[in-house]
Amino acid sequence: CTLGLAMFAAAMLLRGQYNRRGQWKYVLGACVGATGLVLGFFGLSSVVQRHPALIPSFYILVLGLIGFSACLLLRDPAMRPTRVGEEKTPENQRI
């Protein structure tokens, strides 16, 4: 759960541009998203206490969160790894 939340926050913050005026939107999105995820974990834990057969849903939720965060990070061209000797082109460089 902790790794998933950290990856989600990093993905939300790193996908924005680096300027002082627009950064608050990404910070707010990361805070609201992380709060929603924690509330979702609490809600799921109360359901799992009544229905123990749903215990694997915790793992599904965490793995889904890690996968979603990885997709957000890798979708940004500036975050993709480059091959050895390959130069970054202007369309995949951060400004």
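**View 1. The buried residues of H3 pack against H1 and H2.** Contact here means heavy atoms within 4.5 Å. The model is predicted: local features need pLDDT of at least 70, side-chain atom pairs count only at pLDDT 80 or more, and totals for chains, interfaces and linings use all residues. Residues are numbered from 1 along each chain as its sequence is written, and side-chain values use heavy atoms, with hydrogens and water left out. Helix H3 has 20 residues. From first C-alpha to last, H3 reaches 28 Å, close to the 28 Å expected at 1.5 Å a residue. The expected span is 1.5 Å times one less than the number of residues in the helix. Buried in H3 are Val62, Leu65, Ser69, Leu72 and Leu73. They lie on the same side of H3, because they cover an arc of only 100° around the axis. That arc is taken from the directions from the helix axis to the C-beta atoms. Buried means under 20% relative accessible area, exposed means over 50%, and partly exposed lies in between (1.4 Å probe, protein chains only).

**View 2. The face of H3 turned away from its buried side carries exposed residues.** These are Tyr59, Ile60, Leu63, Cys71 and Arg75. Cysteine 71 has a relative accessibility of 54% and counts as exposed. Leucine 74 also has its place in H3. Leucine 74 is partly exposed, with a relative accessible area of 47%. Its C-alpha is 9.6 Å from that of arginine 15, although leucine 74 and arginine 15 are 59 residues apart in sequence.

**View 3. The whole chain follows the pattern α-α-α along the sequence.** It has three helices and zero strands. Both kinds of element are DSSP runs numbered from the N terminus: helices are H or I with at least four residues, strands are E with at least two. Of the 95 residues in the chain, 22% are buried. Take the contacts between residues at least 6 apart in sequence: 49% of them join residues at least 24 apart. The accessible surface of the chain comes to about 7100 Å², and 68% of this belongs to carbon and sulfur atoms. Such areas come from the Shrake-Rupley method with a 1.4 Å probe; for residues, only the protein chains shown count as cover.

**View 4. Helix H2 spans residues 23–50.** H2 has 28 residues. From first C-alpha to last, H2 reaches 42 Å, close to the 40 Å expected at 1.5 Å a residue. Its buried residues are Ala30, Gly33, Leu37, Phe41, Leu44 and Val48. Their cover includes helix H1 (2–14) and helix H3 (56–75). Cysteine 31 is partly exposed, at 45% relative accessible area. A search of the whole structure finds zero disulfides (pairs of cysteine sulfur atoms within 2.5 Å).

**View 5. Helix H1 has 13 residues.** H1 reaches 18 Å from its first C-alpha to its last, close to the 18 Å expected at 1.5 Å a residue. Gly4, Leu5, Phe8, Ala11 and Met12 are its buried residues. They cover an arc of only 130° around the axis, which puts them on the same side of H1. They pack against H2 and H3. On the other side of H1, Thr2 and Leu3 are exposed.

**View 6. The largest nonpolar core has nine residues.** They are Leu5, Phe8, Ala11, Met12, Ala30, Leu37, Leu65, Leu72 and Leu73. H1 gives the most, with four residues. A nonpolar core is a set of buried Ala, Val, Leu, Ile, Met, Phe, Trp, Tyr and Cys residues joined through side-chain atoms within 4.5 Å. Leucine 5 touches Ala34, Leu37, Val38 and Leu65, leaving aside residues up to four places away in sequence.

**View 7. Glycine 67 lies in helix H3.** Glycine 67 is partly exposed, at 32% relative accessibility. Glycine 67 and glycine 4 are 63 residues apart along the chain, and their C-alpha atoms are separated by 8.8 Å.

**View 8. Isoleucine 55 is found in the loop between H2 and H3.** With 40% relative accessibility, isoleucine 55 counts as partly exposed. Isoleucine 55 and leucine 44 are eleven residues apart in sequence. From C-alpha to C-alpha, isoleucine 55 and leucine 44 are 9.1 Å apart in space.
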